[in-house]
Amino acid sequence: MKQVVQNYKSGELALLDVPVPGCKADGVLVRSAYSLISTGTELMKVSEAGMSMLGKARSRPDQVAKVVQSVAANGVPATYRKVMGKLDSYTPLGYSLCGVVEQVGAGIDDVKVGDLVACAGNEHALHAELNWVPKNLYAPVPDGLAPRHAAFGTVGSIAMQGVRQGESRLGEVALVIGLGLIGQLVVQLLAASGVRVVGADPDPVRCELAERLGAAACGDPGSAAVENAVAELTDGHGVDQVYLAAGGGSNQPVELAARLCRDRGRVVDIGKCRLDLPWNAYYEKELDVRFSRSYGPGRYDPAYELEGRDYPIGYVRWTERRNLACFLDLAARGRVDVEPLISHIADFDEAVPTYQRLKDGELKAVAVLFRYPEQQEDAARAPEAEAPAVTVPAVRRGTAAPAPARTAGKPVRLAFVGAGNYATSMLLPHLAQRDGVELSTVVTTTALSAANAKRKFGFAAATTDLDAVLGDPLVDAVFVVTRHSSHAELTRKALLAGKTVFVEKPLALSEDELAGVLAAVEESGNDRLQVGFNRRFAPLLNEARKRFGARTGPASLRYLVNAGRLDHGSWYLRQGTEGSRFAGEGGHFIDTASWLLDADPVSVYATAAPGNEDLQVVLRYPDGSTATISYVTTGAPGFPKETLDLVADGKVLRLDDFVRASVYGRKRWVSSRLPKARDKGQSAELAAFVRAVRTGGPMPVPLESLVATTAATLAVRTGLAGGAPVALAEAR
């Protein structure tokens with residue numbers, strides 16, 4: 001088998017052929033699926049190995065002291081031979097992995113061959129194809145947790161032990177200094193415990209990531225941002241705990257900890273940073289300084305780790321194995337999300353160049369995984385054979401009378417549920433000026449917002465009673481323009497009440513929500529539904545499509561969405577309740593692509609850039625056409641938000657942010673540049689919707705298309721979790 005090793009004397013890294021370890025009693029033989037590179041601890045070892053002998057000595061004064069003691073006891077020649085012999089040997093790397101049990105040793109009854117386990121230990125969870133792991137250093141992986149996520153078990157246990165040492169309590173405020181891999185996990189664990197967290201790191205990308213994963217605020221430790229955030233959250237008292245998750249030779253972390261910690265607060269050292277404690281600062285506040293020893297109780301105890309002697313739970317509640325199992329459970333239940341921490345996944349055969357790229361700074365990473373041969377083979381299989389599938393629900397319409405046409409001259413009466421920024425800026429201004437439309441009632445959760453909308457747009461009534469509006473026979477159509485998490489349920493209620501419904505995107509945030517909407521269609525027979533996918537109605541894009549003309553062969557479409565960063569505090573960041581940002585917005589771009597290609601997608605492949613919300617989504621269509629949507633948040637603010645290219649049959653359609661379009665073919669057509677306002681189709685979309693309500697004619701977009709776009713948007717989440725293309729299978 002192959003294993004990653006390093007020669008500490010020369011610095012050489014190698015992928016070495018070594019014998020397969022035997023399966024001893026009280027342990028299991030595990031075939032690795034994924035192993036995690038600790039970009040802190042391991043890179044420190046790799047960097048030290050590349051130093052000169054003097055550099056090695058300076059970096060490890062503790063080892064130099066041992067050498068001096070050995071010289072005194074054994075003399076220079078013997079000590080030299082001993083030290084050189086130790087340095088000039090291969091040593092292993094790695095301590096956190098997930099794999100499959102291949103053989104079970106005597107005395108093991110909690111796992112069997114074929115089970116997935118997470119493993120820990122710098123002697124047992126190595127970067128190797130096979131490892132023997134003793135009982136107390138592995139834990140079964142819960143159902144549903146991806147192997148690459150379970151590979152974080154050890155570093156998750158390290159972070160968890162640090163949090164336990166801090167004895168955090170609900171409602172407290174903590175400061176995490178250092179937002180590398182361990183720091184990011186500490187942030188999430190604290191946030192999951194009801195603790196408000198401030199993060200400090202000089203890297204703005206890591207600060208942004210920590211905020212996305214639960215921190216209240218983050219900033220450069222040398223700036224005023226961190227101190228201001230602490231002062232605001234603690235009323236000037238200082239944080240209850242400081243977690244030192246930083247490395248390096250600077251004493252800034254411990255000095256910052258003293259400055260920002262409250263009187264008699266706790267400072268927990270998890271990383272390996274300089275600890276020259278400023279005596280006055282720590283004495284005057286009587287700060288409690290604690291050390292967190294690796295994964296938890298049991299670490300470095302041979303009786304526990306090698307002989308499998310567990311500590312009684314009544315005396316030691318959280319051992320290193322219980323911490324490992326607890327972290328895996330939190331990850332499986334979505335309370336901790338490690339996917340955004342994965343910067344790169346490398347095939348195990350590429351281990352040595354991957355370490356070199358990390359060491360040279362070419363590969364910037366929070367976490368890097370090695371993927372082992374069987375996983376590589378799975379990734380290389382034909383997507384049609386192995387891809388997970390998301391079912392596109394069939395639209396079944398019950399029996400109901402067709403929608404009646406309105407009496408000539410009688411206005412269409414509209415009710416709005418929600419009157420937030422999008423409704424008041426992009427929808428109501430168009431409707432308030434439209435002939436033949438009467439704004440009947442606005443429903444909001446707060447009385448004042450309803451009153452403001454009534455005054456500004458001329459609603460006949462304002463209320464907080466949704467049921468009264470749904471039961472009003474004079475209301476022809478209901479607009480659902482609320483937070484994303486409520487769209488599906490409000491749409492379902494309105495359909496069951498017999499109303500024509502316009503719901504802003506997204507229609508649903510889960511397969512169950514989508515199924516609930518379609519169940520209401522089947523139960524009521526009411527399929528009068530429109531989702532606010534307005535871009536297909538944009539006049540400029542319609543003109544460009546007409547100029548492009550029909551096509552005979554497959555097309556290639558590229559759609560760049562320069563979404564930009566969200567303001568801190570935006571409700572779009574509440575992924576736990578409102579879904580991801582792409583789940584909320586992505587339907588716009590999938591719908592536009594499908595409309596241009598005149599078909600619904602049959603598969604979705606999605607991949608995410610590490611450390612931010614940048615996505616690449618590839619849609620495949622029945623005729624072989626493809627659409628690639630690049631949804632990025634890290635672009636320049638001055639660059640256009642949306643650019644699109646459609647290529648087929650020797651022709652190219654180009655759209656520049658809804659201000660200019662062009663078509664290249666036998667003849668070239670270029671639109672004149674539109675004025676400042678970009679027309680993204682809201683007015684034409686609303687006109688088509690009102691016309692359908694007035695005449696009783698077909699809805700502007702077939703319900704089957706709305707369902708297919710929603711299913712494809714949901715499949716992006718499935719694809720990101722599974723790392724493989726997702727087939728969109730039609731229900732029968």
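Biologist: Which exposed residues sit on the face of H21 turned away from its buried side?
Modeller: Asp512 and Glu523 are the exposed residues carried by that face. Exposed means over 50% relative accessible area, buried under 20%, and partly exposed in between, with a 1.4 Å probe and protein chains only. This is a predicted model, where local features need pLDDT of at least 70 and side-chain atom pairs count only at pLDDT 80 or more, while totals for chains, interfaces and linings use all residues. Residues are numbered from 1 along each chain as its sequence is written, and side-chain values use heavy atoms, with hydrogens and water left out.

Biologist: And which residues of H21 are buried?
Modeller: Leu514, Val517, Leu518, Ala520, Val521 and Ser524. They are on the same side of H21, because they cover an arc of only 145° around the axis. The arc is that of the directions from the helix axis to the C-beta atoms.

Biologist: Why do residues three or four places apart point the same way?
Modeller: An α-helix has 3.6 residues a turn, so residues at that spacing point the same way.

Biologist: What covers the buried residues of H21?
Modeller: The cover includes helix H20 (487-496), strand S23 (529-531) and helix H26 (703-722). Helices (H or I, at least four residues) and strands (E, at least two) are DSSP runs, numbered from the N terminus.

Biologist: How many residues does H21 have, and what is its reach?
Modeller: H21 spans residues 511-524, which is 14 residues, and reaches 20 Å from its first C-alpha to its last. That is close to the 20 Å expected at 1.5 Å a residue, where the expected span is 1.5 Å times one less than the number of residues.

Biologist: What follows H21?
Modeller: Gly525, with a positive phi near 75°. The peptide bond from Lys505 to Pro506 is cis, with omega near 0°.

Biologist: What do most peptide bonds and most phi values look like?
Modeller: Most peptide bonds are trans, and most residues other than glycine have a negative phi. Asp26 has a positive phi, near 60°. Phe658 also has a positive phi, near 65°.

Biologist: Where are Asp26 and Phe658?
Modeller: Asp26 is in the loop between strand S2 (13-17) and strand S3 (27-37), and Phe658 is in the loop between strand S29 (651-656) and strand S30 (660-664).

Biologist: Is Phe658 buried or exposed?
Modeller: Phe658 is buried, because its relative accessible area is 0%. Asp26 is partly exposed, with a relative accessible area of 35%.

Biologist: New topic. Where is Ala351, and what does it touch?
Modeller: Ala351 is in helix H14 (residues 351-360). Its relative accessible area is 0%, so Ala351 is buried. Leaving aside residues up to four places away in sequence, Ala351 touches Val4, Leu15 and Phe370, and contact means heavy atoms within 4.5 Å.

Biologist: How many residues apart in sequence are Ala351 and Gln3?
Modeller: Ala351 and Gln3 are 348 residues apart in sequence and 9.4 Å apart in space, C-alpha to C-alpha.

Biologist: What about the whole protein, how many helices and strands?
Modeller: The protein has 26 helices and 32 strands. Of its 732 residues, 50% count as buried. Among contacts with a separation of 6 or more, 69% come from residues 24 or more positions apart.
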